[in-house]
Amino acid sequence: MAMPRQLLSLLDLSPDELTRIITRASILKTLHRSGDVFEPLKNRTLGMIFEKSSTRTRVSFEVGMQQLGGGALFLSPRDTQLGRGEPVEDTARVLSRMVDVITVRTFEHAKLELFARYSRVPVINALTDRFHPCQLLADMETYAEHRGDIRGRTVAWVGDGNNMCHSYINASRQLGFKLRIACPEGYMPDPDILQTNGDAELVRDPRDAVEGVDLVVTDVWASMGQEGEQVERAARFAPYQVNAGLMSRAHPEALFMHCLPAHRGEEVTVDVLEGPQSVVWDEAENRLHAQKALLEFLLVGPA
């Protein structure tokens, strides 16, 4: 049996496919706002395996399936035999005989890859410690809606070299923008991911990283599972806070993004998060429309 299409990272889709999904997301957003009923996924079911808590990811996938005419089944570790030690590959084989597409939100990326290897249906990465591709679909949709094509633009990633940073590295490769990365020593992105992407560069000083850029992006200093490092990270990341002074070095038309939840006064100040350059609320809403476009692509085909 042929392997179904997956989205474990942005590299699973071609640049053209990514661009089509991002464009399609805005079209689906317009359709929904105009009140048009569009249900290409009627009688289809999304299985959602979540080992990490979530607000935006869970709600956007569940509501997205409802808007497309299908349904979603949320499964926490308490609700499945995974929580009692059933092998990942066994759960994948059984669940993928009952549902049409599966999202997995977990810690180890290797677990997601193992699950996808044994699944009969498309598997979507709803976040792992290595990548967060669905957030990038929403970010790129948001940038396109506010500023147009991101190809040839320059983006600054400021903060932790985490799964979001890795996904921005992949996005820069796939969508043709330059990426400057400013991270504290010891919190750099994976060098293997960095080496495969020619338009991403490390910049030591965050002030140099944001100089003249078109988009500034950051994330919390301590992600889920790293709460015990909060005090140490707060000290190390303090010079990397995105504040008005830092944003003033970017292009005057630069946007600010954050995947949320945001810690005001830590990685970003209130005046930036709530300021005129911030598009974080559009970015959050676009999780819904970008994932609808992705689900349509994986289950129906290119629109």
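Reader: Hi! At what angle do helix H1 and helix H12 pack?
Author: Hello! This is a predicted model, and in it H1 (residues 15-33) packs against H12 (residues 280-299) at about 115 degrees. Their axes are 8 Å apart.

Reader: Thanks! Is the crossing of H1 and H12 right-handed or left-handed?
Author: The crossing of these two helices is right-handed.

Reader: And which residues meet there?
Author: From H1, Ile21, Ala25 and Leu28 are among them, along with Glu17 and Arg24. On the H12 side the residues include Glu285, His289, Ala293 and Phe297. The contact of H1 with H12 divides into 7 nonpolar, 3 polar and 7 charged residues.

Reader: New topic, the sheet. In what order do the strands come?
Author: The open sheet has 4 strands, ordered E2-E1-E3-E4, with parallel pairing.

Reader: Why is one side of E2 and of E4 left without a neighbour?
Author: Strand E2 (71-75) and strand E4 (123-125) are at the edges and each has a single partner strand, so one side of each has no neighbour in the sheet. On average, neighbouring strands of this sheet are turned by 20 degrees against each other, direction ignored.

Reader: How many bridges join E3 to E4?
Author: There are 3 bridges between E4 and strand E3 (residues 101-105), and the two run parallel. Threonine 103 stands opposite isoleucine 124 in E4.

Reader: Nice. Which strands does helix H4 lie across?
Author: H4 (residues 109-117) lies across E1 (45-50), E3 and E4, and runs at about 165 degrees to E4.

Reader: What about H12, which strands does it touch?
Author: H12 packs on the sheet and touches E1, E3 and E4. The direction of H12 makes about 155 degrees with that of E4.

Methods:
Residues are numbered from 1 along each chain as its sequence is written. This is a predicted model: local features need pLDDT of at least 70, side-chain atom pairs count only at pLDDT 80 or more; totals for chains, interfaces and linings use all residues. Side-chain values use heavy atoms; hydrogens and water are left out. Axes are lines fitted to C-alpha atoms, for helices over the stretch in contact, and angles run from 0 to 180 degrees between N-to-C directions. A crossing is left-handed if the near helix is turned anticlockwise from the far one by less than a right angle, and right-handed if clockwise. Contact means heavy atoms within 4.5 Å. Ala, Val, Leu, Ile, Met, Phe, Trp, Tyr, Cys and Pro count as nonpolar, Asp, Glu, Lys and Arg as charged, and the others, Gly among them, as polar. Two strands pair if DSSP finds at least two bridges between them.
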